[in-house]
Amino acid sequence: MGDYAILYVIAFVLAFLIAFFATPLAKKIAFKVGAIAKPRKRDMHTKPIPRMGGIAIFAGFMITFLVVVWYLPIVNLKQVIGICLGCSTIFLLGFFDDIYELPAKPKFLIQILAATIVALFDIRIDFITIPFIGDSEQYIHFLSIPATVIWIVAVTNAVNLIDGLDGLAAGVSSIASLCLMVLSIYAGYPPGALLTITLAGACMGFLPYNFNPASIFMGDTGSTFLGFTLGITSVMGLLKGYTVATIFIAVLVLGLPIFDTAFAILRRFLAGKPIMSPDRGHLHHRLVDHGYTQKQAVVTLYGISGILGLSAIAFFNKDLKFAVLVFIMMGCLLYFTVKTMSTHDKDNES
């Protein structure tokens with residue numbers, strides 16, 4: 001943390017306070033524009049709830065970032081502009097989606113556009129390092145922008161898909177942000193640490209309103225913005241040097257949404273359903289279906305996310321014993337998921 005400890009604390013506190021006090025305003029806006037989540041068959045809530053809490057998260061993050069970034073010793077203005085343009089684009093997409101429930105294809109195209117904007121402003125994966133061959137850097141040239149766009153869009157949708165229980169997406173994003181902050185500090189990259197601690201503060205400022213029983217949802221305004229920003233910060237803080245190790249570390253930090261999304265895609269593919277079709281097969285739904293309360297399910301998933309994040313930090317520091325322990329844990333998680341899927345499917349058949 002060193003010389004930037006005070007700056008990080010200020011960023012966290014400011015983002016927290018802005019998000020906390022902006023959430024009641026976000027509620028009013030949601031009611032005014034009709035962004036209300038009405039209960040559906042796959043949903044957990046039983047009464048209409050406003051779903052534009054992402055306004056508060058975006059405000060907490062963006063205002064804080066634009067205030068504190070100038071206190072870093074070196075500021076890349078082009079990257080700052082890219083972050084603002086990309087995040088604003090994805091925020092507006094979520095904002096209008098919460099009002100009009102936009103079709104999947106236009107949303108996907110705008111996500112690609114926002115990620116491309118970020119990549120064009122020098123936030124991208126520039127090279128790979130081939131392990132066991134001298135660790136020499138290999139610039140990927142024209143593949144740089146596509147690789148960055150694919151990563152950011154994938155993380156954006158992964159976080160969006162876990163937003164199914166009160167407080168889940170905000171809490172998991174907070175945990176992932178804090179882990180990315182620690183990794184950025186270890187890597188000696190203050191901008192990455194500043195971005196992630198700011199995002200964590202904004203998420204935690206919103207969480208008191210969103211934890212079960214939630215009085216407001218973040219909506220796509222929040223979930224796509226969180227995923228998008230986590231994608232950006234992982235590129236800036238970790239994936240600049242794109243090695244097998246850094247890929248693994250980044251996937252571990254964002255493990256819960258990534259694995260859940262991967263299982264969802266596989267599940268829908270095997271069932272012959274469209275990959276983007278919604279269902280109640282996500283891990284958080286299955287926990288509730290097997291007797292967990294919403295709070296118990298969310299806290300359980302917080303724990304899994306935290307363990308994955310800690311394992312990424314251990315792997316970064318070459319603590320192989322802890323890494324092996326995490327592999328075992330991940331195997332148990334996979335077994336549990338497959339088992340519950342099988343049990344759930346048998347129950348449906350009967």
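1. Ground rules. This is a predicted model, in which local features need pLDDT of at least 70 and side-chain atom pairs count only at pLDDT 80 or more, while totals for chains, interfaces and linings use all residues. Residues are numbered from 1 along each chain as its sequence is written, and side-chain values use heavy atoms, with hydrogens and water left out.

2. Helices α2 and α3. Start with α2 (residues 54-68) and α3 (residues 77-100). Helices (H or I, at least four residues) and strands (E, at least two) are DSSP runs, numbered from the N terminus. The two helices pack at an angle of about 170°, and their axes are 11 Å apart. Axes are lines fitted to C-alpha atoms, for helices over the stretch in contact; angles run from 0 to 180 degrees between N-to-C directions. α2 and α3 are therefore roughly antiparallel (angles over 145 degrees; under 35 is roughly parallel, 65 to 115 roughly perpendicular, the rest oblique).

3. Their contact. Contact means heavy atoms within 4.5 Å. On α2, the residues include Phe 58, Phe 61 and Phe 65; on α3, they include Ile 83, Phe 91 and Phe 95. By class, the contact has twelve nonpolar, two polar and no charged residues. Nonpolar means Ala, Val, Leu, Ile, Met, Phe, Trp, Tyr, Cys and Pro; charged means Asp, Glu, Lys and Arg; the others, Gly among them, are polar.

4. Helices α5 and α10. Helix α5 (residues 144-161) and helix α10 (residues 255-270) pack at about 85°, with axes 8 Å apart. That makes α5 roughly perpendicular to α10. Trp 151 and Leu 161 of α5 are among the contact residues, as are Pro 257 and Ile 258 of α10. This contact has six nonpolar, two polar and no charged residues.

5. Salt bridges. The structure holds five. A salt bridge is a side-chain nitrogen of Lys or Arg within 4 Å of a carboxyl oxygen of Asp or Glu. One joins Asp 122 to Lys 78, with the closest N and O atoms 3.6 Å apart. Asp 122 sits in the loop between α4 (104-120) and β3 (127-129) and Lys 78 in helix α3, so the pair ties together parts 44 residues apart in sequence.

6. Backbone details. The peptide bond from Asn 212 to Pro 213 is cis, with omega near 0°. Pro 213 lies in the loop between α7 (190-210) and α8 (219-237). Glu 101 has phi near 50°, a positive value in a residue other than glycine. Glu 101 is in the loop between α3 and α4.
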